[in-house]
Amino acid sequence: MKKIKKNTTIKKVAILALAISFIPSNGIVNAAVRDYFVTSANPEGVYMGRLESDGIIANANPNDIAGHWAHEPIVHAMAMGAMYFGASGSFLPNQPLTNEQAIAFAVNTRGLGYRANAAGIELREEMEGLGLETPNTLTNIRHLGYLSIARDEGIISSVDFYGMVGMTPVQLDEEEAVTFETPLRGILIQRQQFAMVMARALSENDAMVIENQPAAMLSFNDWESVAPANAPYVEALARLSAMGAGGNFNPTGNITRAEAAQVLRNLDEIFGEVNDIQRRFGTVAYYRDIQELATLQGEVHRNHLIRRYDGAVDVLQHQVVFQPTGGLVNYDTVVFRDGVVGGFSLLQIDDQIEYFVQDGVVRYINVVEREQYLNQVVGRLIRVDTEEGTITLRDNAGNEFMYRMQVGTFGENLDGQYIFLDGRRVFWGDLPFGAFVEIELLNNLVRRVSFVGQPELVSEMRGIVIDNNPDFGYITFIDNNANIVTRFYNQNDMAVTRAPYYTTASGATYLARMFPNHNFDPLNRSIADIVPGDIIFIRFSSEDPTLITDISAAANFTHRFGLVRGVSRNEDNASILLQFDNGATSWFDIGPNTFVTRSGVPVSNRDIEIGDRLRLLVNQAVLAPGHVVESVLEVSLEGVGHHIGQILTGNLAGINNLQNQLMLQNARPLTNTGWGNHSQIQELALGRTGNIYFFHEGNRISAEQAARTLSRSSLATYVAMDQSPSGNTIRQVTFRDGRTELLQSDIVMSTTNAGEFMLSSMNGNISTDAGTIVRRNGRQVTSNEIFPGDLVQVSLTGGNRAAVVDIIEASAIENVNIARARIAEIRPGNNFTVMSMSTLLNGEWVFTPVERVFTINPSTLFLNADGFVDPESFVDFGDDSRIADTFTIVYDGSVATHVIDAPFGNRQIRGTVVSTPGSPVGAVTVRDTQYLQYTNVPIPQWRNWNNQTNAVAEIYVRPNTIIIRNNEVIQASQLRAGDRLRIFANAASMANEDTDLHGYIILVEG
């Protein structure tokens, strides 16, 4: 199975704003897995976003649930209106529920929360009439309302109700009165009581059956501790696996807010039945954008076409209405994707989703898988049922398999029932029943049927294994033509051989030492020993071309070594971006069953972090020249480096052995802006001296030698402080003879194996030695882990020798990165690789000869001179291929935020804004205009525009112009009079006085 990894001025501004809200949202589906019939199928349901979406999305995104084990259930509960968070913005997931909170939750799951305000006001007035004062706050009124509704709907009894509000009815003579007690609504609810209110709330119309006979609850060790009155409800939830899963139920214990959300998630089917909410599954197969424009108003629709798992099609519609008054009405919904909460804009083509619809509205979308599954099956055509939308094939053993077809691949007209066979409409009477056909499955739905006929009696194939399943007797592989093929086998009736692809004994011995846990024995001859990545040669039965009789597998072991520059997690799988020593990068997938060790100790793929150095044992299969498939068999991580919390410089004042301290005079810490303010004397904990490294220049010395000969000397002292749970202690002390010189943060242009590197602003290499302190991501590393493209802060000591190298991770808040790069490779909708790039640094383009990978995400904008570009056009095939094209790229770390088709802004102009166009496009007028002259001068110099003092110029801004202010991308309409601009224009444009002067990059400098 293959996983496949899109006034008039006012009106123009409005429509552009609407377009901005939609264009970045979807990626591109690979042409090889496109759903051919989704656009022609009649949708079964059309569901709009929610009118109140902004508040609902905000409610579903509190500030304390990211990374929590119940993150998605909590978002689901809040999107459904069952739970809310407080004014502090926190959900408090681990806080136990009180009685009133649990009852409010139960009433909301019944769909009756909308009545809480009115019921609460009425109850408060009744209580005041009886002499019981209660606060007139919205929270209190709603909780009173929930209690009143719960009583009226039988969720709690009248006795419980009175106890909650603090009243006890009594009979006085002929009249009924009340006495006042302490309200019980604020105390914590027990788990068995929570089961009762939930079961009662969701048992409407027999949606949940309440049984008096214990059965499922007997699996709890403490079932006899459940109160008899609560036992039927605990039993009801246990039967539905909604609460408890063996072990102890803990009936008198508390239940947290997160656990309550999970209970509701476990009751999705019951919850939907009670509230008439339908839960569906499908794949985002396509989208259409529709604009409806009128004077001073407009609407934009993005229709997401969802191929449901039953083959039908639904439409989920995101609509934005721009009103004449200037307001926007946004029909959006809550979307949960990869731990991020947002709206429709998070969805991407290929996403497999779970979505909840009610009364023509989509209430919540959960992205359960980011990729589609493509598979091919060959068998004899037995029957076709167009009424049910199914097709049945038979394998060689006589087993029949029925598959559901996508709506659109079959139908009926006046001439009869038909399916599409090889892309043509073939009617039932003309179908080749009994002959071999191949069906192509996209997410287990048939999207294409092809005629195979009666194949050759003997055939042979060659390919690379994707999946091998001995239990079900099939193997999936990529054949010579890059097709994905599935074939069957009977492991008791076939011959299996296996040999190494390369038989270099020394290589095998070297790998065996590096990866001692892997079995390199080439003599395994079981079908179960064939693994993904193996090269296979297959022969088939003379009677059935789908049945394998002989299979030979070959493995080609190699290894990869590098630095982890990025980690992406999807459930139990991890994808890592590995940077090799030559600066090249590549992504590798690490599955949950891949053996991972750190310093020889088994760990999991979740322990792989950015900054780790690791070795990969790879099975490399060469399918054809230039076509290599690699699968990771084992991962070996280096030991975790010491966490360096602080780097200091100063002079050694002495070592106090009694206090186990090092005294540093004129101590200054290294900060983001340089060496900080000094302290006259700073006492630093030594910890265990055996764990401290002392150096004089690059030579290792002892602590005693340092104390005896270097104390109170004029040598510059550099100290790396080890950050640990027990406190900060010294990790390394280096003494230097030279004077400290701190360089401005700069980009590493190149490195050598000798620990040398070159910066863009300096001539010659900077050297390191054993005493150089190097820090990356807070960890102490060696100088060999400095790589081209790194942003570094360097402190020199005498000449070009580095005392400290602090490798800085670029922050999206602190800077905007702009590069000019030529495209080498594109993975549509996922990422792209550039051959090399020039980075805009301090107003200059700095060339970096390093291949780099940029990720494309749903927010990546593609622009050209006409405006937004469909992400689907950024491809590597056909006449529209963008391979070898050059783009301006704005990026944040490894993510491309803007990919812009624009001329190279290689000439500079500066000036002060006089007026702006008031729209995203038009002319910006600047005064005091100057240009930077590069020719006929020894160094570039600023000259007056047209040789005029206070010259005025018009700079034209187009949709593919990037404007930066305060480290953010802004529009031309956001420029202000008085802004000082640096403008990057094209040399050809500046040379021709008859053409408009276009600015392609504009930096607001003050």
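## Aromatic residues Phe 862 and Phe 874

Phe 862 and Phe 874 are both buried. In this predicted model, the two residues form a tilted aromatic pair, with 5.0 Å from centre to centre and 45° between the planes. The pair links distant parts of the chain: Phe 862 belongs to strand β53 (residues 861-864), whereas Phe 874 sits in the loop between β54 (867-868) and β55, 12 residues apart from its partner.

The structure contains 15 aromatic pairs. Another of them joins Phe 854 and Tyr 891, again with a tilted arrangement: the centres are 5.2 Å apart and the planes are at 55°. Here too the pair connects distant parts of the chain, since Phe 854 is in strand β52 (residues 852-855) and Tyr 891 is in strand β55 (residues 886-892), 37 residues apart. Phe 854 and Tyr 891 are both buried.

These two pairs belong to one aromatic cluster, formed by Phe 832, Phe 854, Phe 862, Phe 874, Phe 887 and Tyr 891.

## Packing of helices α8 and α9

Two packed helices are described by the angle between their axes and the distance between the axes. For helix α8 (residues 191-201) and helix α9 (residues 231-239), the axes come within 8 Å and cross at roughly 75°. Angles of 65 to 115 degrees count as roughly perpendicular, and α8 and α9 are therefore roughly perpendicular to each other.

On the α8 side, the contact is made by Gln 192, Ala 195, Met 196, Met 198, Ala 199 and Arg 200; α9 contributes Tyr 233, Val 234 and Leu 237. By class, this contact comprises seven nonpolar residues, one polar residue and one charged residue.

## Helix α4

Helix α4 (residues 99-109) is mostly covered, with 10 of its 11 residues buried. The buried set consists of Asn 99, Glu 100, Ala 102, Ile 103, Ala 104, Phe 105, Ala 106, Val 107, Asn 108 and Thr 109. These residues pack against α6 (138-152), α7 (158-165), α8, α10 and α11 (268-275). Gly 111, which follows α4, has a positive phi near 80°.

Strand β11 runs antiparallel to strand β12 (residues 361-369), and seven bridges join the two. Within this pairing, Glu 354 has Asn 366 of β12 as its bridge partner. The hairpin of β11 and β12 has two residues between the strands, and Asp 359 in this hairpin takes a positive phi near 50°.

## Positive phi in two further loops

Ser 241 is a residue other than glycine with a positive phi, near 55°. Ser 241 is located in the loop between α9 and α10 (257-266), where its relative accessible area of 52% makes Ser 241 exposed.

Asp 338, likewise not a glycine, has a positive phi of about 55°. This residue lies in the loop between β9 (334-337) and β10 (340-342). With a relative accessibility of 40%, Asp 338 counts as partly exposed.

Note on methods. Residues are numbered from 1 along each chain as its sequence is written. This is a predicted model: local features need pLDDT of at least 70, side-chain atom pairs count only at pLDDT 80 or more; totals for chains, interfaces and linings use all residues. Side-chain values use heavy atoms; hydrogens and water are left out. Axes are lines fitted to C-alpha atoms, for helices over the stretch in contact, and angles run from 0 to 180 degrees between N-to-C directions. Helices (H or I, at least four residues) and strands (E, at least two) are DSSP runs, numbered from the N terminus. Angles under 35 degrees count as roughly parallel, over 145 as roughly antiparallel, 65 to 115 as roughly perpendicular and the rest as oblique. Contact means heavy atoms within 4.5 Å. Ala, Val, Leu, Ile, Met, Phe, Trp, Tyr, Cys and Pro count as nonpolar, Asp, Glu, Lys and Arg as charged, and the others, Gly among them, as polar. Two strands pair if DSSP finds at least two bridges between them. Buried means under 20% relative accessible area, exposed over 50%, partly exposed in between (1.4 Å probe, protein chains only). Rings of Phe, Tyr and Trp (its six-membered ring) pair if their centres lie within 6.5 Å; planes under 30 degrees apart count as stacked, over 60 as edge-to-face and the rest as tilted.
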